[in-house]
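Reader: I'm new to this. Could you walk me through reading a structure, one feature at a time?

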Amino acid sequence: MKNVGIGRRIFVLGNGLFLILVSMIVLIPLLLVVSTSISPDEVVARQGYVLIPKSITFANYFAIFNSGYMPAFYNSLFVTISATLFSMGMTLVMGYALAQKDLIFKNFLLRFVVATMVLDAGIIPFYLVVNKLGMIDSYLSLIIPSAISTYNLILMKNYMASIPESLMESARLDGCTELGILIKIVIPVSIPIIAAVTLFYAVSHWNTYLYVVMFINDSSKYTLQILLRQLIFQSESAISSASALNNFKMSVMIMTMLPVLILYPFIQRYFISGIMLGSVKG
Amino acid sequence: MAKIRKVIALIMVAVMAVVMFAGCGGASKETGAANSTKAAVSTAAVSSTQQTDAPKEKVKLSFFLSQTGWGGEAVDPELMAEVEKVIEGKTNTDLEVIAPPQSSYNDKLNVVLASGDIPDIFAVRKAMDNIHVMASRGYTMPLDDLIKQAPEITSLVDQTYLDYLKVDGKLQGVPMYVPLSKFIWMRKDVMDANGVKLSETPTTDEFYNEMKKLVGKGVIPFTFAKFLDNLPFFFNPFGAYYGIGEKDGKYIDGFNTPEAKEALAYVAKLYKEKIWDQEFLTNENTTIRENLFSGKAASTLDYYNRYIYFCTEAENVKAPTEFVPIYELKGPKGQGGNLYEAIQDALCISSKSKNPDRALDVLKYYVYSEEGVKLRCLGVEGKHYTLENNIITPTEKAKNSGYKCDVNQFYLYYPKITDFGFKWSETIEKLIPLQVKFNEETNRHLGPKYSIPSNKSDLYNKNLSGYKKKIDEISSKIIMGSCSVDEGYKEYEAFWKSINGDGMLAELNK
């Protein structure tokens, strides 16, 4: 730092202060949520929000765990894992096919796929289709109809299109089948995009709310998001007389985001790089 | 080689497309009312001709009611199934229960109805507004003939309330709750500490002058939720109506009257003087309740059956006090009235139901019988609660699934139950007589409530939602002082013109 000029130092200091400020803007609400969730009900009700709790209780977390959290958690886990696997399988296969330069009707198929991004028929026709397919009240309704996200498919297709053709040509010369090329060549070199898209799908399926409400009738099949929303709503009910304390809601928030929060740091680096990689070639 | 690749790629896309549409041609699983009633078609003729005392054949019915409508609001699937089992046993039916979460109830109901999969029995929220839409779309079955076989209902429900649920003179549903109303609840400790003296029916001036004593005392004098459709409590004293109302047998725009302007000016004064909660536009119902029972606020507007709730919650947060009612404010001309919501929710029978009489049996038992109401409010003994030494205790399972073992629930339903067959806790038993007094007294202070038939004017149907939003918007601007009453009404008149409001009234009055 000896040779660094005063201007540069002020710039670095300013940058640091700015970043601290931005971090505070993000961190303070999060800390408030955590702090409120572990504060006793009566303290929050009387004194409002505090960053550092005066006393700590995990009563709200116990209440959540005892309120059917685990069955709903398992339902969510099952839906997320199976739907993500199915989505990835579909996206990989279709992405690979659409990445082929000489695919017959490629442009038509691509336009057909992209059209679904802007043309949304709405929930009633969607419900009718799912109903006609006999999937109402079945987890299939949460897995199959939303198997492919166009956005993720395009990311995958673009990434695969950027893989050098020579790699695949040499595999073909060695007698490898198309399925073999996909499994032995394309998938291993597509790990970053696969990780990113898997995360996108997993988060999206984990957070699914509307489709569960619409397509699932049996409340024993409800996922975590439904249970937690219901717990909050019960405490807000207009005519019932449940106690509606903010710390309970905050605990619910923490429980909802906890699984994603735990998973995120491990695959965070793929999150951004996946998008960048997929967006290079159109 | 290139050809092979092309073919393989095409096959891959085709396989994927086939997988996506797999099952299109398959026989769909039978769900919902239309299908469930298919199973019952063969028994329909039998059941419709059965005598009431003859054993009825078991039929399948679909019942669409929120997740919290099954035994003390417990949402545990096993506990819900216990309640379902009891209803099935009592009515000899096979129920297909569809119980969406309360927060998404309307969304799911609308989708299910629009898809033609109309459940045999379904609850309609904000029924006085929505029942007209449901009837005009052909979702509901007129109940006039059926209700004649149901003295259990007609003896309990006042004809006025049934009339609210008529469309074109035909009854389309039955009320789920007793008529609801709201009034002001005040904390006695704050009143006493600040020398606030208010009767149960003070004048608007008395209310203003006394509440002013609380300004700057570290407490919100009057906390109000963001829902401006609660404003009628403050419109009633001035003889105004918040929305399209009636005067001399004709529909009028109640919002654009000198009385409504006077009412808004009064509320704006309360806001300006900091008597009215300065944060009201962001307040949820839960916020105002918490404000009151925790002592952050001195008063709020809430349902009449809240007394026990406020007392017990205040005790829980170590801010105990007595709560006193202000049933209505009296205006300059002596007018007034509480916030009368009349019928909130109604239960309807599907126009496609093959067994409407059996659907009515389910309603008669679950909604209108003493046993059914106990089942609905408390659940099943041994599953939801236990009785030890005649005192009711929720089971662990119930406690952990949102169960409310709450005497307040009973005050929402027909019939009135005085003998519960057990004792509540000592504290609650002490509070019950006062709560009952408030329940009865509020009915002597009912404000006006008009039901506008939605099938009379296309303009009304088209503009209703926009109209409600606009009057809320103008009201909030005037209350918060963003514009004067005159400026607000200038904007409102331009809006009224843009929706052809006069034409709308003409159609309604035809």
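Reader: Where does B:Lys261 sit in chain B?

Author: Look for helix H12, residues 258–272 of chain B; B:Lys261 is in that helix.

Reader: Is B:Lys261 buried, exposed or partly exposed, and why?

Author: The idea is to count neighbours: 20 or more other C-beta atoms within 10 Å makes a residue buried, while 12 or fewer makes it exposed. B:Lys261 has 18 of them within 10 Å, so it's partly exposed.

Reader: And how far is B:Lys261 from B:Tyr460?

Author: Their C-alpha atoms are separated by 23 Å, and the two residues are 199 apart along the chain.

Reader: What about domains? Which ones does chain B have?

Author: The domain assignment gives domain 1 (32–178 + 344–377) and domain 2 (180–341 + 448–509). Taken over C-alpha atoms, the centres of these two domains of chain B are 34 Å apart. Nine residues from domain 1 and six residues from domain 2 make up the contact. On the domain 1 side, helix H5 (residues 127–136) gives the most, with four residues.

Reader: How confident is the prediction for chain B?

Author: The pLDDT averages 87, and 89% of the residues score at least 70. Over residues 17–52 of chain B, though, the pLDDT is below 50. For the model, the scores are ipTM 0.75 and pTM 0.77.

Notes: Residues are numbered from 1 along each chain as its sequence is written. Chains are lettered from A and ligands numbered from 1 in the order in which they are written. This is a predicted model: local features need pLDDT of at least 70, side-chain atom pairs count only at pLDDT 80 or more; totals for chains, interfaces and linings use all residues. Helices (H or I, at least four residues) and strands (E, at least two) are DSSP runs, numbered from the N terminus. pLDDT is the predictor's confidence in each residue, from 0 to 100. Two residues are in contact if their C-beta atoms, placed from the backbone, lie within 7 Å. Domain bounds come from an automatic or database domain assignment.
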